[in-house]
Amino acid sequence: MSGLANPDVPVDPLATNPNQPSITSTTSTSDASRREPASSSTGTTKLAGQPVTASLLEHERQKLETAKKLVIDALRFVPDFPIPGIKFIDILPIFQNPVAFESLLEVLALLIRERFGSEIPDVIVGLEARGFLFGPSLALRLNRPFVPVRKKGKMPGACRTVEFKKEYGKDEFQVQVDAIHPGQSCLIVDDIIATGGTAAAAGQLVELSDAKVMGYLFMIEITNLKGKALLGDKPMITLVEHDEEE
């Protein structure tokens with residue numbers, strides 16, 4: 001991600017409210033679809049390994065491993081959805097089970113501490129739409145504010161806008177201009193990283209706000225789509241790795 005924080009970026013004439021213009025940046029990031037990974041009826045799923053900054057206590061390590069297993073057991077794999085040949089990873093059963101949901105939050109909080117030590121993000125930034133399922137709860141658990149990133153036109157007031165390319169056409173993400181303050185460290189969260197375009201666009205919005213991308217957190221990484229490459233050298237936390245080509 002380069003050339004992002006530019007004080008001379010043009011006003012977007014297509015802002016929802018013409019009296020509250022948005023600030024626009026364009027990226028050539030490609031995002032075929034983070035929800036529809038490459039066609040495959042097979043694949044392997046495993047718990048992700050993480051770089052360790054701070055060692056957890058033994059009882060925390062045991063709690064982490066137990067909770068990880070509970071979360072991955074709650075995932076549901078749906079063949080031929082939304083189109084034939086796609087093996088869809090459904091995270092919704094986690095939220096239908098209070099024990100699994102609590103375990104998910106416990107896992108994510110521990111992974112954040114394991115990766116960043118005593119450094120806690122100032123803001124949790126969640127991507128539309130399924131980043132909203134757990135992002136606010138995680139922010140509350142960390143006693144931090146939650147900021148949504150949404151598609152253009154869904155939030156009132158002045159917004160910063162980033163355009164990103166998809167396989168067929170383009171899309172735009174927005175964040176309200178007063179939601180993220182200069183100098184804040186932000187952890188960007190979403191359910192899945194596939195090709196990485198949406199996450200990279202969210203990172204650009206953070207940097208347009210003169211804030212810092214502390215890292216990214218995803219429940220699932222589709223490893224064969226190599227979306228991590230679009231995130232540069234920023235730390236990335238994932239709970240589950242899924243390779244559809246194995």
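**Loops and backbone geometry**

Guide: Keep in mind that this is a predicted model. Pro82 sits in the loop between β4 (76-79) and β5 (87-90).

Visitor: What is the peptide bond from Phe81 to Pro82, cis or trans?
Guide: That bond is cis, and its omega is near 5 degrees.

Visitor: And which residues does the other cis bond I spotted join, the one with omega about 0 degrees?
Guide: Glu128 and Ala129. Ala129 belongs to the loop between β6 (123-127) and α4 (131-141).

Visitor: Back to the β4 to β5 loop. What is phi of Asp80, positive or negative?
Guide: Positive, near 55 degrees, in a residue other than glycine. Asp80 is in that loop between β4 and β5.

Visitor: Where is Asn143, then?
Guide: In the loop between α4 and β7 (146-151). Asn143 is not a glycine either, and its phi is positive, near 60 degrees.

Visitor: Is Asn143 buried or exposed?
Guide: Exposed, because its relative accessible area is 64% and the cut-off for exposed is over 50%.

Visitor: New topic: Asn97. Where is that?
Guide: Asn97 is in the loop between α2 (92-95) and α3 (98-116).

Visitor: What does its side chain reach?
Guide: The side chain of Asn97 reaches the backbone nitrogen of Val99, at 2.9 Å.

Visitor: Why does Asn97 count as partly exposed?
Guide: Because its relative accessibility is 32%, which falls between the 20% limit for buried and the 50% limit for exposed.

Visitor: How far is Asn97 from Ala74?
Guide: Their C-alpha atoms are separated by 8.5 Å, and the two are 23 residues apart along the chain.

Definitions and conventions:
Residues numbered from 1 in each chain as written. Predicted model: local features only at pLDDT ≥ 70, side-chain atom pairs only at ≥ 80, totals over all residues. Heavy atoms only, no water. Helix = DSSP H or I, 4+ residues; strand = E, 2+ residues; numbered from the N terminus. Buried < 20%, exposed > 50% of the residue type's maximum accessible area, 1.4 Å probe, protein only. Polar contact = N/O pair within 3.5 Å; in protein donor to acceptor, adjacent residues only side chain to side chain.
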